[in-house]
Amino acid sequence: MSKAVGIDLGTTFSLIAWMNPASGKPECIPGPYGTTLCPSVVSLDVDGRVVAGEAARRRLLTQPARTIYSAKRLMGRGVEDVEDELKIFPFRIDPESRNVIRVRLGDRAFTPPEVSGYILREVKGWAEEYFHEPVTRAVITVPAYFNDAQRQATKDAGRLAGLEVLRLVNEPTAAALAYGLDRAQRGRVAVYDFGGGTFDISILKLIAAGEGDIYQVLSTCGDTHLGGDDIDNRLLDLAREEILRDWGLDLAPHSQVLQELRKAMIAAKHELSDAEETTVRFLLPEGMAYVRRLTREEFEALIGPIVERTLAPARQALRDAKLKPEEIDEVVMVGGSTRIPLVRRRVEELFRRPPHVELDPDEVVALGAAVQAHILTTGVENALLLDVTPLSLGIETMGGVVAKLIPCNSTIPASAEELFTTGVDNQTGIDLHVLQGERELARDCRSLARFRLPVEPGLAGLARIEVRFTIDANGILQVRAKDLRTGEERSIDVQPSYGLAEPEIERMLIESIDFAEQDFAVRQLIEARNESESILRAAEKSLADPQSAELDSGERARIDAAIAALRLASEGEDYRQVRARIEDLNRETMHLAELLMNRAIASALEGKRVADI
């Protein structure tokens with residue numbers, strides 16, 4: 001199977017990442033220009049060739065009528081939805097566009113999924129060059145506020161790029177995973193995602209669940225028409241208005257000059273994230289020059305209303321989650337626009353705590369997508385909230401202990417198998433009891449199904465029973481049990497998680513934590529008792545062998561005493577005592593085991609001599 005990657009299909013930039021097995025950490029893959037950022041720009045060359053990425057962005061200045069950017073803002077939307085927005089973009093909408101927007105580039109028309117498909121194909125090529133092998137599987141991130149049409153458009157873009165879309169993951173959830181909050185932090189997390197074209201705010205509750213974690217989205221809110229593009233356009237409008245006022249020059253007919261001016265204003269925005277002031281110097285047609293000193297204070301006053309627009313959805317998300325700002329444990333910043341000091345300051349004021357800014361805000365979503373791709377393709381734990389089994393699945397074994405085959409929070413589809421055997425001599429069947437829950441004992445878990453597998457009678461431990469659990473993408477669990485000696489097989493379909501209300505799931509998870517120490521001790525005792533029973537049977541069988549007559553009376557007495565001590569310990573409640581008495585019996589029967597082994601070897605050699613004659 002080819003490597004699975006994570007892709008952040010962004011409005012301004014797109015990134016591709018993978019889980020590096022050497023470091024155990026996700027890493028973004030750089031492109032031919034040395035940067036991990038691929039401009040989300042597509043251009044149609046005069047010879048009909050389509051280019052994407054940095055090569056296309058450079059054509060924004062030379063061939064603006066053949067180049068498109070910010071196509072993500074058009075994904076899954078109709079013409080009526082974006083009429084106002086198209087006034088500020090130099091895009092020509094195909095007159096024949098109806099339900100789906102088609103953008104004219106030169107003499108051809110492209111849908112937004114087609115445009116995004118070229119961007120995905122570009123970053124896919126980066127990865128293939130990096131790995132020197134084809135890349136066909138990916139997890140792609142989408143804004144949490146994307147509707148079904150927008151999500152479907154994203155999946156279509158992936159297919160057009162030749163990718164099997166393993167999963168669409170919400171960007172805020174990917175960001176939380178990238179920060180490792182599943183391992184380092186439990187509680188309520190706000191993910192503030194202010195990207196190039198969309199804004200999302202999500203409140204997540206991270207619940208520790210034994211070996212994994214459950215991500216529960218308490219609320220989400222946002223605006224798919226709010227992002228860094230709006231800040232860029234506000235700066236561009238400022239420059240255009242001042243140029244019109246001072247020089248009487250309307251730049252609307254000069255699309256190439258307009259794109260160059262936009263680039264200059266974006267550069268000024270970037271400089272003001274680190275400096276208190278900057279100067280824009282831009283050469284206009286006919287030898288005129290636009291020179292503008294811009295301070296951070298003026299910049300913040302200019303974009304203040306746009307930043308405030310992000311806080312309204314944030315407050316709504318808190319209300320929907322029935323939380324106060326001070327009840328949020330962590331705040332994560334995502335998206336290039338969060339580099340702006342005003343944005344960070346206003347978020348800190350709202351949530352009353354400094355936000356996480358350790359990771360590159362441009363890369364964090366792609367890194368999280370790579371983690372999820374790794375989860376999906378390796379079956380490791382700590383999965384995301386969507387399409388997971390919320391509780392562990394297993395079967396009951398001797399003593400009422402649960403053997404967990406699929407841990408809680410494993411991403412589905414998933415499968416696991418394990419070998420079991422009989423516990424007593426001459427069993428004619430094995431009863432399989434399928435269970436769901438986090439407790440160690442069957443009585444404390446939820447019963448899902450029971451069925452019986454016939455087995456041939458024989459000594460305890462001789463049978464080899466393969467039990468396989470498989471969960472499909474719809475959450476249907478199939479349990480199959482097969483006797484590897486006879487080929488006898490039985491299977492059953494069960495519904496593993498549906499029908500459990502969220503409060504019931506959370507109650508079961510909390511109980512598994514509260515009773516963890518107690519459950520572990522009980523499990524240890526049951527397992528020690530099971531082992532003692534096997535050893536006692538073996539010891540008694542050995543003592544019945546004629547070869548045991550070679551033991552002196554002292555040895556036999558010590559073995560009898562060790563057997564009695566083990567029986568007594570097994571009746572108690574201290575598994576440590578049982579383990580200690582097992583060790584004692586093993587030590588006292590060592591000489592007996594050697595006698596039996598020597599006789600077996602001698603018999604084998606005698607048989608070989610007879611065969612040779």
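Helix H9 (residues 296-320) and helix H10 (residues 341-351) cross at roughly 35°, and their axes come within 9 Å. Helices here are DSSP runs of H or I with at least four residues, and strands are runs of E with at least two, numbered from the N terminus. Axes are lines fitted to C-alpha atoms, for helices over the stretch in contact, and angles run from 0 to 180 degrees between N-to-C directions. This is a predicted model, where local features need pLDDT of at least 70 and side-chain atom pairs count only at pLDDT 80 or more, while totals for chains, interfaces and linings use all residues. Residues are numbered from 1 along each chain as its sequence is written, and side-chain values use heavy atoms, without hydrogens and water.

**Helix pair**
- H9 residues including Ile-303, Val-307 and Leu-311 meet H10 residues including Leu-342, Val-343 and Leu-350 (contact means heavy atoms within 4.5 Å).

**Sheet**
- Four strands form an open sheet in the order E21-E20-E24-E25, with antiparallel pairing (two strands pair if DSSP finds at least two bridges between them).
- Strands E21 (401-406) and E25 (446-454) stand at the edges, each with a single partner strand, so one side of each lacks a neighbour in the sheet.
- The twist averages 30° from one strand to the next.
- E20 (residues 393-397) pairs with E21 over five bridges.
- Leu-393 stands opposite Ile-406 in E21.

**Confidence**
- The protein chain averages a pLDDT of 82, and 83% of the residues score at least 70 (pLDDT is the predictor's confidence in each residue, from 0 to 100).
- Over residues 608-613, pLDDT stays under 50, and the model has zero contacts beyond four places in sequence there.
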